[in-house]
Every structure is written in C-alpha cells, then in structure tokens.
Amino acid sequence: MIALIDYGAGNLTSVKKALAAVGADVFVPVRPEELTAARGIIVPGVGHFGATRALVDEWVGAIRTRVDEGCPLLGICLGMQWLYESSDESPALKGLVVLPGRVVRLKADGLKVPHVGWNSLALVREDSVIAGVAPGAQVYYTHSYVAPLTADTAAVTEHGQPFAAVVQRGRVAGVQFHPEKSGDVGLRILRNFCAF
C-alpha cells in the first residue's frame, strides 16, 4: 500500500490515477499513525512552499519515523522541495530535512518563470528511481523554485540554469516534474518507486 499524503497542495486525483495505471494500491491516510500500514509514502505538491505548513509536527514525525525504518519516500514537485532543509519561497518554514540544501528561486536568464512545459532529463548517475529512463526523456514541469545540484542529484534539467530534476538518496527520492503528467516516462518512474 502506497500512502499518498493529502495536505491540501497536491493534485491527488491525477497521482492516484497514475499509480493505479502502474498497479499500485493507494490510500490517503487521515491520521499520521496510519502511515504504519504504508510500504511507501508519496508527498505530492503544487504551489507555494508555505502550503507545507499543513504538515504539522505529528505528520513530520510519522513520515520521518517511517523513513528511518526504511520505508520508501517520494516527493513530487513541491513535495520534492519539502525534502530539503528550507526554501527561499518561505524562509521561516523548515522542510523535512532528509536531504541537505536550500531550495532557491529559478534564475532563468531571461526565460519565462514559472517554468511550465516539457523539458528533457540529463541523467548524471544511475539510480533505481530512473532505471530504464532514456537520456533526454521529456517530462512535464510547472515550478518557479529549484533544488540544488548535490551528490544526491540523479538527473538534471536546464531552464536558464541547471537544476536537480531527480534526486535519490537510498530509499528517499524526489522529482521536480510531475510524473503523473509525463506520459510513459512518468509512469516508469512511479513504477520504479513502487518496486523500491
């Protein structure tokens, strides 16, 4: 069972449909203690980093406990940004702090921000979350903030500047794009995550 976290900032319907397409059983926990039944956790997200304020200490503690126990965790778009220490979009808020670094506004060098639309992935290392994804594969983005390039970066995209498109550290992974809107490539990534 994959737990899909609803904190009011994600398109749960699209993510649920994509997970159903890869054969995953999904539930939306109402209380943090329900995460004990999860064999994987997905934190989706659309919009402002401030929306993560709804993930109060009880949820943060439950998610961190499950991660510490080895439960796979995937952050999607804003959910990926939440994996880091903090974001310039809402500096007073702390992230989950399972990945080091701070999320910053995209410096697009004259290109339009937010970055919306299809862009390619440059694979920089092999990781299980992107197994079988071809170099240059196209995925769908909509965002204004980006995670730093670190040793956890598995794939990079460029929109005025290079940024982390896919990250993975052990059983924790994140994608800046929306796999649920990225066709076969997105489904492959969700399938890979469900097989962690």
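Modeller: The helices (H or I, at least four residues) and strands (E, at least two) are DSSP runs, numbered from the N terminus. This is a predicted model, so to speak of local features needs pLDDT of at least 70 and side-chain atom pairs 80 or more, while totals for chains, interfaces and linings use all residues. Residues count from 1 along each chain as its sequence is written, and side-chain values use heavy atoms, without hydrogens or water.

Colleague: Okay, I clicked on Ala 137. Where is it found?

Modeller: Ala 137 sits in the loop that connects E8 and E9.

Colleague: Is Ala 137 buried or exposed?

Modeller: Ala 137 has 12% relative accessibility, so it counts as buried. The cut-offs are under 20% relative accessible area for buried and over 50% for exposed, with partly exposed in between (1.4 Å probe, protein chains only).

Colleague: And which residues is Ala 137 in contact with?

Modeller: Setting aside neighbours within four places in sequence, Ala 137 contacts Asn 119, Ser 120, Leu 121 and Val 185. Contact means heavy atoms within 4.5 Å. For a sense of scale, Ala 137 and Ala 54 are 83 residues apart along the chain, and their C-alpha atoms are separated by 34 Å.

Colleague: What about Ser 144, which loop is that in?

Modeller: Ser 144 is in the loop between strand E9 (138–143) and strand E10 (145–146). Ser 144 is buried as well, at a relative accessible area of 17%. Not counting residues up to four places away in sequence, Ser 144 touches Val 104, Arg 105, Leu 106, Val 113 and Pro 114. From Ser 144 to Glu 158 is 14 residues in sequence and 13 Å in space, C-alpha to C-alpha.

Colleague: Switching to sheets. In what order do the 8 strands of the open sheet come?

Modeller: The order is E2-E1-E3-E4-E13-E12-E11-E8, and the pairing is mixed. Two strands pair if DSSP finds at least two bridges between them. At the edges are strand E2 (26–27) and strand E8 (122–123), each of which pairs on one side only.

Colleague: How many bridges join E1 and E2?

Modeller: Strand E1 (residues 2–4) pairs with E2 over 2 bridges, in the parallel sense. There, Ile 2 stands opposite Val 26 of E2.

Colleague: How many residues lie between the strands in the hairpin of E12 and E13?

Modeller: There are 2 residues between them, and Gly 170 takes a positive phi near 60° in that hairpin.

Colleague: Which way do the residues of E13 point?

Modeller: In strand E13 (residues 172–175), Val 172 and Gly 174 point one way, Ala 173 and Val 175 point the other way, and all are buried.

Colleague: What's the order in the open sheet of 3 strands?

Modeller: That order is E5-E6-E10, again with mixed pairing. Strand E5 (86–87) and E10 are the edge strands, each pairing on one side only. Strand E6 (residues 102–105) and E10 run antiparallel and share 2 bridges, and Arg 105 stands opposite Tyr 145 of E10.

Colleague: Now the rings. How many aromatic pairs are there?

Modeller: Rings of Phe, Tyr and Trp (its six-membered ring) pair if their centres lie within 6.5 Å; planes under 30 degrees apart are stacked, over 60 edge-to-face, the rest tilted. By this rule there are 4 aromatic pairs. One of them is Tyr 141 with Phe 163, edge-to-face at 5.8 Å centre to centre and 90° between the planes. The pair links distant parts of the chain, as Tyr 141 is in strand E9 and Phe 163 in strand E12, 22 residues apart. Both Tyr 141 and Phe 163 are buried.

Colleague: What about Tyr 141 and Phe 177, how are those rings arranged?

Modeller: Their centres are 5.7 Å apart and their planes are at 75°, so Tyr 141 and Phe 177 are edge-to-face. Tyr 141 lies in strand E9 and Phe 177 in the loop between E13 and H4, so this pair ties together parts 36 residues apart in sequence. Phe 177 is buried, as is Tyr 141.

Colleague: Which residues form the aromatic cluster, then?

Modeller: Tyr 141, Phe 163 and Phe 177 form one cluster.
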